[in-house]
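Hi,

Here is the structure I promised to pass on.

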Amino acid sequence: MFDEEIRTERSKVFTLIKVHLKRKEIQDTNLNEILDRIFPARRIDQEKTQVLFLTTSKLLYPWHGIEKSYRISDFLDNSLLILDEFDRQQSEFLTHLINTVSDYDIIALTRKFYSSFDSFSIHGTPEFNGVDKCFDRFRKALMEHKDKWFVRYRPFITDATIQKGSENQNQIFTLLSDRMSIHAINFKHELLRSQINHALGCHEIGPGGNESAIQFVNNGAQLVRTFCNGMLSAIFKLKKNLESLDDLKTYSTENLVGKVLNNLGLVELTPNIMSLISTRLSFKVQNEHKAYSFHDSGYEIVNIASYSDTDNTASAYTFDLTLTSTGLLALWVQAGARVIGVSATATSRTAIHNFDLDYLSDVLSERLVLLNSKQKAAIQAEYCNKRRYKENLIQISVKSISERVVWGGVAELYLEFNGLNSIHPVLLENELCQLLNVDLRQLKFAVNRANKLIESIRQFSLNSNNRYHFCMLNKSYKNREFIDFMAKVGQKYRVTIFENINAASFRNDKFEEVLNLLEKTNNKVAVITNYQATGAGLSPSYSVGVNHSLTYVGPEGVEPFQYKTDIDSIYLEQPMNLIGSRIGEDLAIKERDIAIKKNIHDALMLHEKGIVIANEVKSKLKSFISSKINSFAVGSMIKTYKGCEDYRYAVYRFIEQALGRMCRTEWKQREITIMYDAVTDFIETLAKDSRNLSSSSHEYQALITDIKQRYKVQVDDKHSISYHPRASRNYAHIQRLITSVYEHQNENAIGQYDRLRDWMLKKPTMSLLPTGEEVRYYIDVQAPLGQYQYQINYSDEKGITEIFINPADSSGLREVSEHSARLPLLMQNPLVSAHFKANGFATTFGYSHFVLAPAMFDLYMGALGEEAVNAILMTFGYEIQAMPDGCVEWFDGYIEFGNQILLVDVKHWNLELGCLVHDNTLDKCKTKLDKIRMNPPTEFANKRVTAMYINTIWSGAEGINSRKYVSEDQQFVEHVSPGLADIIEIPGIIDSVSGANNVPPMNQLLDLLNQFAE
């Protein structure tokens, strides 16, 4: 809270200084230097400035000057962005994305939009020309939201919603969604229903309503996103107008947002709207670049509750992670930036501790450039020339450190340092718990950990060739008692120990003490630090004097670049907890909130990589958003992560980064010592490093080589991951699209559906890597096969469908191929073949790497049958027309014969039985016919409407069947007169062997159509 107050006051002072100094010429040199420190961006001259040096946080936040502020998006086009410690920036970006977004109340915001847009519009001076039009789409969406949810009514949480018991009076109902296919809640659906009470003029949220309150909130969130898109367009339009009017004033993005909102009477919302659009301001790319991935969709958390203890008005505070670090980086490149990532572990195949290179490859294609083998070899040759260990007889000694120590362990040292011969075991346990700052359950692990740490220092003290020892731990010891204890350990082994050296220590006087001791004495020095501290790229090297015994390993015949040396001894504790953040009750609320958000990100990243399937990740997400704090929730995710390949690469990255601190200088001790934690699973993980290590450091190569010689580990056969999150999401996306078309007759959805239909017919497969939107719709089958098999699991829980591509389990598989689509058979028919060629439709799948996802293939099958039937009927003079507005896709089309309408629905199924008895077709048809007859479109008014189902392929079934519905309990009877039938069934018009269309049902169909035409 204190930090928040300081930041708030600083922001006020910052703003006051800017206002006071704006457009004032400052002559005082000293004042100018001070202002350059406070407002570094005032030094940017867009005509002259060519290079900017920034920290990651400054790169991502606005850069403030006095007259003008800038954002990274202002410089992306045709710029070169060099990111040092590239892989580390992924977590830095994520921290920024999470911390800079303020939660907003969806319900309060949508009600403010309603009151404002109902009263105001943006107009007046020429600077606002066209700005109001930017909100046209939002105004339409707002009108639909207002009509459906009666926004003028106060929404409130009913008393029945809150469960009995004082502990539930402030219950928070949490919704979590990745906005694609994963949705989780911490309550039962029936608890939050919406009931519009017109008599009382209110919106009751509680059990028993006739609408879903979840849908109410989700619709509000969609409305806010539409507003944000409108606002982005509006400020770009306003900025362009001001530039065309030669306005000499300088406007920040905040100024532009404020000007727009002031027209709407909403200027007080400027900070909230800036928070909502802050991430979107970091890039300028259109939606078509989205690859339908977690990286470009992010996630959303909504907490629904009463406004306060005394006011039951509903609130829905929302956190919106627009995209991930990798998604942001990809959008920078798509916006025109060229990015060079520099790091020894820049290409580490971990998506938790690096940018997701697989995703970048998908969306950037050839724009993602990795070093080729020749370039790597050149770099390695230069490295070996500058670090000539072998030629100078530098030895690398590798040792394992076990918790079983010969000197008795921490307990013996504790007794020794306190002058005790013995102590009661229970008392000793209590004393050790206090010393190691753990409870009794953790004592065994903590003692073993401390034993290995001290053993590494003891081993170091015995080696006359080593002087400078680094202990790389997962986390440092911070309690005063242990620090004093380690000082005594240092005295015993004649080593000066510096405890708790963190990232900040490398920049302040604390590390200067280490360097002074190394440079001015001959003392042995041990530094206890952690992986996070040294992962920042800081060098722990120290200067050496003239009279030293070190060996020069730099380029032969070249003067030393500098007279410094590195760490010469290191202890590597097993990296632990490489995923997730603890969410215990002892954490401050804000700290726990950030930890939960990061945990959700990591869990969804595991799903993105196919490491966990949909139902499993949903279970993990529910534990994070549980109404009761679950401090053990992260443990399940850690356990899952340790069993996957991403974890192994994360471990390799941490160890490579740590050992990289040993090879930065040209002067070396004769022996370099690497000690590692002798935990079995750590050893097994390192022994499984099967990468080509020729481009790794001498130290890392020595470590892995030694471990592989000592320990024979069975390397598991590498199987490709069969669970396919993108295919599963695509399935959910297509289902939503069909719902929007079929049930809601949404104009945009119909347009997208028609576009996809044409796309699929032309590109059922692709040889080249899909890019942009195409990435959503195709499966990489890993070989030029043009086909694959899949398995689909429908969960009992609504909304989860899991798709596995080429799984090892061969039961219940479906095939995606040209043969399962019967495309070759259709192409045997000259009428169909000519129609496909004339329209540019694919006539074969070929041997392609990329094939339509399962949900897309289902749509493709339908479109394939429709086009085949249409091609044949058109040849005989019968054209199938598109369905009228209001009933699009209820049937595939219709044929009109005067007063008779035939609603045509084509089924491209492989059926021995008729298509009417498949997939509940009869029931579905009756529902659609009833709707059309009760409320016919203009084209069907006063005409007889009959449904006609045509199966594409004929397999010898009987001729045409005509049927009529007679009652609810007795669906139909066969009817001899097609002219009076409700449904006519054509069992097939293309022969299943020859592909010919001169089959009996086709001839009967033509006779029937001719009769209708008479």
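Before more of that, the ground rules. This is a predicted model, where local features need pLDDT of at least 70 and side-chain atom pairs count only at pLDDT 80 or more, while totals for chains, interfaces and linings use all residues. Residues are numbered from 1 along each chain as its sequence is written, and side-chain values use heavy atoms, with hydrogens and water left out.

The overall picture

The protein chain has 32 helices and 37 strands (DSSP runs numbered from the N terminus: helices are H or I with at least four residues, strands E with at least two). Its C-alpha atoms fill a box of roughly 110 × 70 × 65 Å along the principal axes. Of its 1014 residues, 52% are buried. Among contacts with a separation of 6 or more, 74% are between residues 24 or more positions apart (contact means heavy atoms within 4.5 Å).

Back to Ser 569 and its sheet

Ser 569 is in strand S21 (residues 569–572). Its side chain makes a polar contact of 2.8 Å with that of His 469 (a polar contact is a pair of N or O atoms within 3.5 Å; within protein, one must be able to donate a hydrogen and the other to accept it, and residues adjacent in sequence count only if both atoms are side-chain atoms). Leaving aside residues up to four places away in sequence, Ser 569 also touches others, including Phe 460, Tyr 468, Met 662 and Met 675.

S21 belongs to an open sheet of six strands, ordered S14-S23-S21-S15-S17-S16 with parallel pairing (two strands pair if DSSP finds at least two bridges between them). On average, neighbouring strands here are turned by 15 degrees against each other, direction ignored (axes are lines fitted to C-alpha atoms, for helices over the stretch in contact, and angles run from 0 to 180 degrees between N-to-C directions). Strand S15 (residues 468–473) pairs with S21 in the parallel sense over four bridges, and Met 472 has Leu 572 in S21 as its bridge partner.

Two helices lie across this sheet's strands. Helix H17 (residues 480–493) lies across S16 and S17 (525–530), at about 155 degrees to S16. Helix H18 (residues 509–520) lies across S15, S16 and S17, also running at about 155 degrees to S16.

Cores and a buried helix

The largest nonpolar core has 120 residues, and Trp 332, Leu 572, Ile 600, Leu 621, Ile 655 and Leu 703 touch the most other members (a nonpolar core is a set of buried Ala, Val, Leu, Ile, Met, Phe, Trp, Tyr and Cys residues joined through side-chain atoms within 4.5 Å). Helix H23 (residues 645–659) supplies the largest share of this core, nine residues. Apart from that core lies another, of 72 residues, among them Phe 841, Val 904, Trp 954 and Leu 1009. Not counting residues up to four places away in sequence, the contacts of Leu 703 include Val 398, Leu 572 and Ile 655.

Helix H16 (residues 443–462) has end C-alpha atoms 28 Å apart, which agrees with the 28 Å its 20 residues should span at 1.5 Å a residue (the expected span is 1.5 Å times one less than the number of residues). Of those 20 residues, 15 are buried.

Elsewhere

Strand S12 (residues 311–321) is largely enclosed by the rest of the structure, because eight of its 11 residues are buried. Strand S11 (residues 299–308) runs antiparallel to S12, joined by nine bridges, and the two form a hairpin with two residues between them. In that pair, Ser 306 stands opposite Ala 314.

Gln 745 is in the loop between helix H26 (725–742) and helix H27 (747–762), and counts as buried because its relative accessibility is 17%.

Cheers

Conventions:
Buried means under 20% relative accessible area, exposed over 50%, partly exposed in between (1.4 Å probe, protein chains only).
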